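Visitor: I would like to learn how to read a structure like this one, feature by feature. Could we look at it together?

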Amino acid sequence: LGYLGLTQFFHEKSDLLISSTNKIRDDLKKMNRFETSLALGVLGEICSAEMARNLAPEVFKIALSADAFIQKKGLLVASRMVRKSPDLIPDILGKLEHLFYPSNDAGVLLGGMGLLDSVIQADESSLDNAMSMLPMLSQIIKYQL
C-alpha cells in the first residue's frame with residue numbers, strides 16, 4: 001500500500017522520496033522475489049538521479065541474479081538508472097557481458113539489449129565496448145533461431 005502511494009502521489013523530484021530510499025534498499029535485499037519485484041517496480045517509476053546513485057549496487061546485483069523473473073525487472077530499472085545518471089555506466093559496462101549467453105531467458109537477453117542501448121545512448125564513448133560484444137550477440141541470435 002505504501003509503494004502505491006509513493007508512485008501515485010510523488011514524482012522523482014519530490015523531497016520526500018529521499019526518505020524512502022532506505023525502505024526500497026531493504027526490500028531490494030529481501031529473499032522474497034515478490035517484495036523485491038514490487039520495490040523494483042516502484043524504483044522504475046520514481047527513480048531520481050540521486051536515488052539511482054544510492055541504489056545502483058543493489059539493482060545491478062539483481063540484474064545479474066540467477067532468477068530470470070527478478071533479473072528482467074532489474075535490467076529494466078538499471079536501464080532507467082543509467083539514463084538518469086550516466087556516471088553509473090562504468091559500474092555496469094564490465095558486467096554486461098555476463099548477460100549475453102545463449103542459455104539465458106529470452107526476456108533477460110532482451111532486457112540486456114535494452115540496457116546496452118541505454119548505455120550507448122547515454123555515453124557514446126561506450127560504443128567501442130558494445131561493438132566488442134557483437135560476435136557474442138550474433139552467436140546468440142543464431143542459437144535462438
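Visitor: How many aromatic pairs does the structure hold, and how is a pair of aromatic rings described?

Guide: A pair of aromatic rings is described by the distance of the centres and the angle of the planes. In this model, which is predicted, there is one aromatic pair. Phenylalanine 34 and phenylalanine 69 form that pair, with 5.9 Å from centre to centre and 65° between the planes, and the arrangement is edge-to-face, because planes over 60 degrees apart are given that name.

Visitor: Which parts of the chain does the pair tie together?

Guide: Phenylalanine 34 belongs to helix α3 (residues 33-46) and phenylalanine 69 to helix α5 (residues 68-84), so the pair links parts that are 35 residues apart in sequence.

Visitor: Where is glutamate 58 found, and what does its side chain make a polar contact with?

Guide: Glutamate 58 is part of helix α4 (residues 49-63), and with a relative accessible area of 15% this residue is buried, since buried means under 20%. Its side chain makes a polar contact, at 3.3 Å, with the side chain of arginine 25. When neighbours within four places in sequence are left aside, glutamate 58 is in contact with Arg25, Leu28 and Lys29.

Visitor: How far apart are serine 118 and serine 79, in sequence and in space?

Guide: Serine 118 and serine 79 are 39 residues apart in sequence, yet their C-alpha atoms are 5.8 Å apart in space. The side chains of these two serines make a polar contact of 2.4 Å. Serine 118 lies in helix α7 (residues 106-122) and counts as buried, at 4% relative accessibility. Apart from neighbours within four places in sequence, serine 118 is in contact with Ser79, Val82 and Arg83.

Visitor: What does the secondary structure of the whole protein chain come to, and what percentage of its residues count as buried?

Guide: The protein chain has nine helices and zero strands, and 41% of its 145 residues count as buried. Among contacts with a separation of 6 or more, 66% join residues 24 or more positions apart. The chain exposes about 8,200 Å², of which carbon and sulfur atoms supply 57%.

Conventions: Residues numbered from 1 in each chain as written. Predicted model: local features only at pLDDT ≥ 70, side-chain atom pairs only at ≥ 80, totals over all residues. Heavy atoms only, no water. Phe/Tyr/Trp six-rings, centres within 6.5 Å; stacked < 30°, edge-to-face > 60°. Helix = DSSP H or I, 4+ residues; strand = E, 2+ residues; numbered from the N terminus. Buried < 20%, exposed > 50% of the residue type's maximum accessible area, 1.4 Å probe, protein only. Polar contact = N/O pair within 3.5 Å; in protein donor to acceptor, adjacent residues only side chain to side chain. Contact = heavy atoms within 4.5 Å. Areas by Shrake-Rupley, 256 points an atom, 1.4 Å probe, with all protein chains shown as cover.
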